[in-house]
Amino acid sequence: MKKDHQIATLNELDRALNQLATQTLPIQTRSAVHNALKQLQQFQKSLKQDAGAGRLAALYQVSQSLGVSLNLDEVLTQVMDAVIQLTGAERGFLTLVDPDSNDLDLVAARNIQQENLSQKDMEVSHTVIRSVIAHGEGVVTTDAQDDPRFSEQDSVIVYALRSIMCAPLRARGRIIGVIYVDNRAHSGIFTNDDLDLLNAFATQAAIAIENARLYTSTDQALSSRLSELETLSQIDQELNALLDLDHVLEITRQWAIKESKATQGWIVLCDEEDATPKLVSSPQEGDAPNLDQGVVARIREHPAPQLIPAKDDNLAYFIAPLSHAEKTIGAIVVACPRTVSYSDQQFLERLAGRAATAVENARLYQAIEFANEAKSQFVSIVTHELRIPLTSIKGYTDLIRQGIVGKITDQQAEFLDVIGNNVERMAALISDLSDISRIERGKIKLAFDFITVQNQILETLSSLRHKLEEKSQILVTDLPEDPLRAYADPSRVVQVITNLVSNAWKYTPEGGQITIRAYAKGHQIYGEISDTGIGISEEEQTKLFTQFFRSESPIVREQTGWGLGLSVTQRLLEVMGGEIGFSSQVGKGSTFWFTLPTTAHKE
Ligand code: ADP
């Protein structure tokens with residue numbers, strides 16, 4: 001430091017003059033020496049004051065810029081520049097303690113020209129650094145070669161270190177590193193005052209470094225958590241895109257390998273049906289070595305996240321169990337480096353949590369599909385088998401009724417009517433059931449064509465008109481003159497309208513009114529059947545369209561029906577690309593509407 005050099009030189013001069021003053025000198029020379037000594041002492045005093053004030057000013061100046069940036073690299077560069085500027089040292093080093101490993105990391109090194117030092121120039125005394133970290137106190141040595149504390153040290157000898165100064169960086173009560181400066185060529189460069197200055201600076205530098213470190217690590221932790229959340233949400237989307245078990249397993253396996261940087265991945269599922277549960281492997285058997293059976297067995301014995309060393313020295317198996325409703329339903333297993341990071345392990349556990357739900361949903365869906373298929377097959381067989389005897393019952397009843405096998409009494413005729421009506425009811429049930437089963441199994445055959453909806457309405461009404469008249473119901477039709485063209489199966493459209501008008505007829509008392517409207521709107525044809533009947537309560541409305549649902553009302557119960565008409569109607573409309581809806585008020589009546597597309601669509 002410039003001023004300190006001057007002070008040292010003046011001290012030398014002071015010593016020389018004092019020595020001279022002790023000699024026998026001519027009187028004039030003696031008084032000249034005394035004067036010179038006096039002036040020298042005054043000069044020394046003012047120089048020292050100057051140096052102190054200068055130090056404080058310099059410290060204030062360099063400290064001001066600290067803390068402005070939260071970028072760790074920037075802060076380290078600022079600290080190094082300030083250290084060189086403050087101490088005038090030949091070289092400066094900054095060493096930080098790694099919070100995880102406690103190792104010392106040399107994070108910055110600069111020379112007086114403010115150039116970064118190359119690795120080969122990093123010749124520092126580790127003894128000095130370790131001693132500062134251990135004792136938490138700064139060290140200054142004016143000549144390390146002669147200092148009994150350090151002169152024996154290899155680095156001091158080999159690197160020919162002379163002036164060394166080192167101050168601890170202390171933040172939040174912990175020593176987070178040291179600032180180390182040295183001058184190899186000259187001794188006596190640093191004084192205790194310099195060390196005080198360096199200590200004062202180190203206190204501020206430590207806070208700035210710690211803040212930047214905290215900010216960087218929080219920032220990094222946040223952004224990695226954010227990117228993990230993004231990944232997981234993408235995984236969720238992919239897992240839930242299809243309720244197909246194989247798809248769910250493969251998606252899970254791929255993500256597990258990708259995100260944990262594993263070399264291989266397996267999904268193991270516990271087979272629930274087997275009494276001694278065996279484990280079923282993932283779908284990619286064949287393109288990977290088989291998973292060690294010991295690892296598979298481990299999933300049952302110890303269903304917890306765990307790392308099992310593999311035969312290969314560097315490899316391990318990480319197991320992330322798939323748990324659902326507190327049961328282990330399987331596991332994700334990856335072959336990964338033994339050093340797999342904690343965050344990768346955590347990711348696999350989170351993935352397992354999501355995959356478990358998706359696997360369970362897919363399995364449930366599979367089971368439901370299986371049960372549905374079995375039910376549809378059963379219905380299809382039963383309806384087919386019932387149709388044949390019913391046809392023969394109906395045929396023979398008609399023959400007897402017509403008197404072909406002999407004259408029948410009035411009572412016999414009455415009985416035959418009862419048989420005939422019940423056969424019709426059963427035939428209607430079989431027909432509805434077989435329609436539902438065919439639609440569910442995708443086996444329904446529709447004869448699509450462009451139709452004029454008015455024709456289907458009039459055809460239906462002509463067959464039902466007598467029924468309406470029997471109940472003295474007023475029939476109102478509101479149909480436009482222009483043909484309403486729809487693309488549908490004409491006989492199925494008649495079936496739909498018949499079901500809805502029959503319901504209006506059944507559930508509207510004598511003398512009530514039934515109105516049928518039809519109109520075009522957008523790309524659809526609307527049909528509407530309104531009645532002034534009993535209406536449907538709000539609670540019953542929620543169950544409408546459910547198979548076998550019938551209101552408990554005695555008015556409903558005295559009518560024939562199986563509670564399948566609306567369900568069949570809804571499904572038929574759906575397969576024709578249409579919809580159904582309704583509005584109803586108890587005691588006032590109901591309106592059922594349906595739509596049919598006007599254009600051809602993919603069948
Ligand atoms: P079903 O008429 O054979 O009972 P549906 O599936 O056609 O079977 O109708 C189911 C139930 O919905 C009926 O039992 C009845 O309770 C109610 N419902 C249907 N249409 C009407 C209507 N127009 N007015 C009042 N209730 C109705």
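Ile400 counts as partly exposed, because its relative accessibility is 33%, a value that falls between the 20% limit for buried residues and the 50% limit for exposed ones. The model described here is predicted. Ile400 belongs to helix α9, which spans residues 342-401. Together with Tyr396, Leu399, Ile404 and Val405, Ile400 forms a nonpolar patch on the surface. The accessible area of this patch comes to about 500 Å² in total.

Thr252 is located in helix α7, which comprises residues 245-260. Thr252 has a relative accessible area of 3% and is therefore buried, since the term applies under 20%. When neighbours within four places in sequence are set aside, the contacts of Thr252 are Leu239, Ile267, Ile332, Leu351 and Ala355.

The ligand is surrounded by 20 residues. The closest of these are Asn503, Tyr507, Asp531, Arg550 and Leu566.

| Residue | Polar atom of the residue | Distance to a ligand oxygen atom |
|---|---|---|
| Tyr507 | side chain | 2.8 Å |
| Lys506 | side chain | 3.1 Å |
| Gly565 | backbone | 3.2 Å |

On its own, the ligand has 530 Å² of accessible area, and the protein covers 96% of this area.

Conventions:
Residues are numbered from 1 along each chain as its sequence is written. This is a predicted model: local features need pLDDT of at least 70, side-chain atom pairs count only at pLDDT 80 or more; totals for chains, interfaces and linings use all residues. Side-chain values use heavy atoms; hydrogens and water are left out. Patches are made of residues with over 30% relative accessible area and no salt bridge: like charges are joined within 9 Å, nonpolar side chains (Val, Leu, Ile, Met, Phe, Trp, Tyr) within 5 Å. Accessible areas come from the Shrake-Rupley method with a 1.4 Å probe; for residues, only the protein chains shown count as cover. A salt bridge is a side-chain nitrogen of Lys or Arg within 4 Å of a carboxyl oxygen of Asp or Glu. Helices (H or I, at least four residues) and strands (E, at least two) are DSSP runs, numbered from the N terminus. Buried means under 20% relative accessible area, exposed over 50%, partly exposed in between (1.4 Å probe, protein chains only). A residue is near a molecule or strand if one of its heavy atoms lies within 4 Å of it. A polar contact is a pair of N or O atoms within 3.5 Å; within protein, one must be able to donate a hydrogen and the other to accept it, and residues adjacent in sequence count only if both atoms are side-chain atoms. Contact means heavy atoms within 4.5 Å.
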